[in-house]
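Please read the numbered points with the sequence and the model in view.

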Amino acid sequence: DTTLQSNIDAEAAARVAADDVLTAKLDKARTESAAAGVTAATVVDSVNALNVGAVKWMVRAVGTGVDAGKTVAFEVFALNDSNGTTVTDADYTVYAKLRLGGTIAGLDVTVEIETGNMVLKVASTNGVNVKAVREIIEA
């Protein structure tokens, strides 16, 4: 029957469109980034803060140079004051900190608002290679 086939085709097209929307949301919600040889405060990841209410980063830092053989993993949870039009402030906490091989000298993590973006920065004394995975909660 032509009507039945037409309904089936419409349903299939709607499901494909819905899958595309969900895939785009998942791609946006979880991303990976990296920075190598970090000493001075370096942006490891950045996300448009107007569209994001909160962010969680899972971070792994591997020491280089005199800190070679030292690895630290931790999570950073951050919140901002976005109202959809402006954003001026962020608060964050670093938790679930794990260490192998000792402490990485001067390892420091901050979250700041810079030109409308929520920015994860890492610094260290002797250098680290950093990888971060970001998950977001939309505003």
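1. Terms and basis. A residue is called buried when its relative accessible area is under 20%, exposed when it is over 50%, and partly exposed in between (1.4 Å probe, protein chains only). Helices (H or I, at least four residues) and strands (E, at least two) are DSSP runs, numbered from the N terminus. The model is predicted: local features need pLDDT of at least 70, side-chain atom pairs count only at pLDDT 80 or more, and totals for chains, interfaces and linings use all residues. Residues are numbered from 1 along each chain as its sequence is written, and side-chain values use heavy atoms, with hydrogens and water left out.

2. Strand 7. This strand covers residues 117-123, and six of its seven residues are buried. Two strands are said to pair if DSSP finds at least two bridges between them. Strand 7 runs antiparallel to strand 2 (residues 42-48), with six bridges joining the two. It also pairs with strand 6 (residues 108-114) in the antiparallel sense, over seven bridges. Val 119 illustrates both pairings: Val 119 is the bridge partner of Ser 46, and Glu 112 stands opposite Val 119.

3. The hairpin of strands 6 and 7. Two residues lie between these strands. Thr 115 is located in this loop, and its phi is near 45°, a positive value in a residue other than glycine. Thr 115 counts as exposed because its relative accessibility is 82%.

4. Ala 96 belongs to strand 5 (residues 90-100). Its phi is near 55°, again positive in a residue other than glycine. With a relative accessible area of 45%, Ala 96 is partly exposed.

5. Thr 39 sits in the loop between strand 1 (30-38) and strand 2. At 37% relative accessibility, this threonine counts as partly exposed. Which residues does Thr 39 touch, not counting those up to four places away in sequence? They are Ala 123, Ser 124, Thr 125, Asn 126 and Gly 127, where contact means heavy atoms within 4.5 Å. The C-alpha atoms of Thr 39 and Val 72, 33 residues apart along the chain, are separated by 15 Å.

6. Overall architecture. The protein has one helix and eight strands, in the sequence pattern α-β-β-β-β-β-β-β-β. Its radius of gyration is 20 Å, well over the 14 Å that the globule rule gives for 139 residues, so the protein is more spread out than a compact globule. That radius is taken over C-alpha atoms, and the rule is 2.2 Å times the number of residues to the power 0.38. Along the principal axes, the C-alpha trace spans about 75 × 35 × 20 Å.

7. The helix. Ala 14 is found in helix 1 (residues 2-29) and is partly exposed at 43% relative accessibility. Its C-alpha atom is separated by 49 Å from that of Leu 107, 93 residues apart along the chain.

8. Cover and contacts. Of the 139 residues, 33% count as buried. Among contacts with a separation of 6 or more, 65% come from residues 24 or more positions apart.

9. Charge. The protein carries 12 positive and 18 negative side chains, and the centres of the two sets lie 10 Å apart. Lys and Arg count as positive and Asp and Glu as negative, while His and the chain ends are not counted. The place of a charge is taken as NZ of Lys, CZ of Arg, CG of Asp or CD of Glu.
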